[in-house]
Amino acid sequence: MHPPPPPTTPDRQVAVVVIGYDDAAHVTTAVRSALDQGPVVREVIAVDDCSTDDSAARLAGLAAGEPRLRVVRRRVNSGGCGSPRNTGLDRVTAPYVMFLDSDDVLPPGAAGTLCAAADEAGAQVAGGLCVRRELPGGREVPWEPSLYAAHAVFERPAQRPRLVHDTLCVNKLYRTDFLRAHGIRFPEGRFPYEDFVFTARVLAARPRIAVVPDRVYVWHVRRAAGRLSISLDRADVANWRARVEASRLAHEILLGSGQKELARAARAKFLDHELRMYARELGLRDAAYRRDWWAHTRAYLAEYDASDWAHNPTAPGRLIGRIVLASPEPADLPRLRDLASRPARLLPPYARAADGTPVWSPGLPQVTLEPLLTRPVHVLPLAVDADLRPGTRTAVLRLRLHELYGRVARAGPEALEVEWRCRETGRAAGPPTPVRPEPDGENWRAACPVRWAAFGAGTWDLRLRLRFREGAGREVTAHAVTGTGGLRRRAVLGAGHTVVLVQPYTTHSGALAVRVAPGLRGVLSVVRGRLRRLLH
């Protein structure tokens, strides 16, 4: 809940710059969410980037009855988000400014909360929690929640290096005179990931930063949209090249400002976030994409120095980076996909060098895994295989926990807690089911029933938690075992003896998940699919 805002005065007012292009379906909703912030918003500047739909007309109609709204129509489309934001920034008269995209919204009270935080702390920047809302389902996922867990004020960004992980510009409020005094603007033209560079420029100017735990921005994620957002449209390797270039510029900006710790944190963020995200998807791309991606990534990672690799060398992103550097051609993509998952999984084979040192593989013995021998068990990339054997009423989930260079045996696995959670709603299919892993050679096995009556329509992700003898715990995801016949669609009995269709499948990160469709429609889709296979 947002606290009551302080009285609004001219020095405590905000401008909201809303940008849009061919988004008539959403732009007025975004603008209204800014206007509905109340008197703390002095002005809303809606910049239309030369839309070809009726965005401009809708904005003009809204402005006719709202004196705080000014509409600016650019004569030529910029091809990006930076130029229209700069256009809006040039017209700001309020002491504070925020940015809003046409397909997103500000939750009630967001501007007042950020303005109060900045004013009370004398901060040039104030930030709050952004949530990614998946549409049409409505499931919300917080963005970088650890940064916004509590109220805090940082005299300089270097006090909290993880600030470089939040590259969004839209969940923050800025002093207008601070941006202008330091010449901080967005890259112009078609420059994807322009907020990476803008955020680096802000941090390089060493502002005092206030953070609040409140939700201040709702980022709408529309994966089924006809035109995907830049962050979702990753099928062309040009997207990766743009992301690398934006990351490189952000690092150079921070390093050039003398903030070596923040620059190193930016490089670590690239490994932990960008590299892992795209590595998970390499298996979805064709051979030409993979070769281009691999070569471009190797060239960029070659710019890293020893200090960039020294800290936590077996962190998943760093390990993936070292493998890319060590191999001139794309290699071990299935294992890299699982290592890039969250939480990370390190699949067998678990190779050793001639002297017994753990290594990535016999083909890449120069990539050592020796630090895994001393890492705490709760951060190890433990691997669990999952094999689902559906039945009409109850399925059987078979699990296998892999040994990892003797670390699992020493930790003493005592229990595996099994939970299925709906991706759209966050609802669990009943309480976690504890099962005891039993030794099976060097590994451990366990099994538990899966009762379909507890599942509703939607996509269900398997979540596991390992518990060890000394009390340590580790959340893991399960690697889906295919080729057993267990991943076929079939009709089963759900709640109330209704017929539902279940389809176990492997996610992009290699994990096991299940889609559930209710009733006759789901069953008919299976029948049609089988008829098509018989006819063709």
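## Basis

The model is predicted, and local features need pLDDT of at least 70, side-chain atom pairs count only at pLDDT 80 or more, and totals for chains, interfaces and linings use all residues. Residues are numbered from 1 along each chain as its sequence is written, and side-chain values use heavy atoms, with hydrogens and water left out.

## Nonpolar cores

A nonpolar core is a set of buried Ala, Val, Leu, Ile, Met, Phe, Trp, Tyr and Cys residues joined through side-chain atoms within 4.5 Å. Buried means under 20% relative accessible area, exposed over 50%, partly exposed in between (1.4 Å probe, protein chains only). The largest core has 80 residues, of which Val 31 and Phe 99 touch the most other members. Strand β9 (residues 209–221) supplies the largest share of this core, 9 residues. Helices (H or I, at least four residues) and strands (E, at least two) are DSSP runs, numbered from the N terminus.

Beyond neighbours within four places in sequence, the contacts of Phe 99 include Val 17, Arg 85, Phe 186 and Tyr 217; contact means heavy atoms within 4.5 Å. A second, separate core has 78 residues, among them Met 277 and Val 516.

In helix α11 (residues 316–326), 9 of the 11 residues are buried. The elements covering these buried residues include α8 (260–280), α9 (287–301) and β12 (364–368).

Arg 322 lies in α11. Arg 322 is buried but has no salt bridge, and the nearest side chain of opposite charge, Glu 370, is 9.0 Å away. Lys and Arg count as positive and Asp and Glu as negative, while His and the chain ends are not counted; a salt bridge is a side-chain nitrogen of Lys or Arg within 4 Å of a carboxyl oxygen of Asp or Glu. Not counting residues up to four places away in sequence, Arg 322 touches Trp 309, Pro 313, Val 367 and Thr 368.
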